[in-house]
Amino acid sequence: MLSLLVVLAIFQASYGCSSDSFTVTSYTTTNLPLATETAILVEFTADCPDTKLSAVIGGEILPVYSTNDGHMVTLVKEHSALPASSYSVDFYDEAGISAYKNHAKDGAVEAPAPVHSVSVNHPVSLKKDYQSD
């Protein structure tokens, strides 16, 4: 029985995600004076067969969607909730997101390492400059 578990663990490790398998492109709302909300969109390809991924942006857990060209995650909020900043987008597999949820809930559990992490730079909002008083 123990040898079966070891074989399954090796099998899982060899077919899981690795940070090297990610190719990422990100977008944010750039024409803020004309937009009503701020969006962060991350598109990526990853060699992660049969792995369900989740993302965490600013502590918020988000689903990762499959597209024809790969995967994507989006976060849309009011401008004040997503001010100009650099946002970390952390990707987790199912075991990792479960560990992240335990960490977020308890705080005593050590935070898991993401499968991959990318920084998305969101520019300064100039909306106030275009609003009439």
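Trainee: Is Thr28 buried or exposed?

Mentor: Keep in mind that this is a predicted model, in which local features need pLDDT of at least 70 and side-chain atom pairs count only at pLDDT 80 or more, while totals for chains, interfaces and linings use all residues. Residues are numbered from 1 along each chain as its sequence is written, and side-chain values use heavy atoms, leaving out hydrogens and water. Thr28 lies in strand 1 (residues 22–28), where strands (E, at least two residues) and helices (H or I, at least four) are DSSP runs numbered from the N terminus. Its relative accessible area is 16%, and buried means under 20%, exposed over 50% and partly exposed in between, with a 1.4 Å probe and protein chains only, so Thr28 is buried.

Trainee: With which side chain does the side chain of Thr28 make a polar contact?

Mentor: Leaving aside neighbours within four places in sequence, Thr28 is in contact (heavy atoms within 4.5 Å) with residues including Ala39, Ile40 and Val120. A polar contact asks for N or O atoms within 3.5 Å, one able to donate a hydrogen and the other to accept it within protein, and residues adjacent in sequence count only if both atoms are side-chain atoms. At 3.4 Å, the side-chain partner of Thr28 is His122.

Trainee: Which residue of strand 2 is the bridge partner of Ser26?

Mentor: Two strands pair if DSSP finds at least two bridges between them. Strand 1 and strand 2 are joined by seven bridges in the antiparallel sense. In strand 2, Ser26 has as its bridge partner Val42.

Trainee: Which residues make up the covered face of strand 2?

Mentor: In a regular strand, side chains alternate between the two faces of the sheet. The uncovered face of strand 2 holds Ala39, Leu41, Glu43 and Thr45. The covered face consists of Thr38, Ile40, Val42, Phe44 and Ala46.

Trainee: Which residue in strand 6 stands opposite Ala39?

Mentor: Strand 2 and strand 6 are antiparallel, with seven bridges between them. Ala39 stands opposite Val76.

Trainee: How many residues lie between strand 5 and strand 6 in their hairpin?

Mentor: Strand 5 (residues 65–67) runs antiparallel to strand 6, and three bridges join them. Ser66, for instance, has His71 as its bridge partner in strand 6. The number of residues between the two strands of this hairpin is two.

Trainee: What is the N to O distance in the salt bridge of Glu60 and Lys77?

Mentor: A salt bridge needs a side-chain nitrogen of Lys or Arg within 4 Å of a carboxyl oxygen of Asp or Glu, and the count here comes to one. Glu60 in strand 4 (residues 60–63) and Lys77 in strand 6 (residues 70–77) are 17 residues apart. Glu60 is partly exposed at 28% relative accessible area, and Lys77 is partly exposed at 28% too. Their N to O distance is 2.9 Å.
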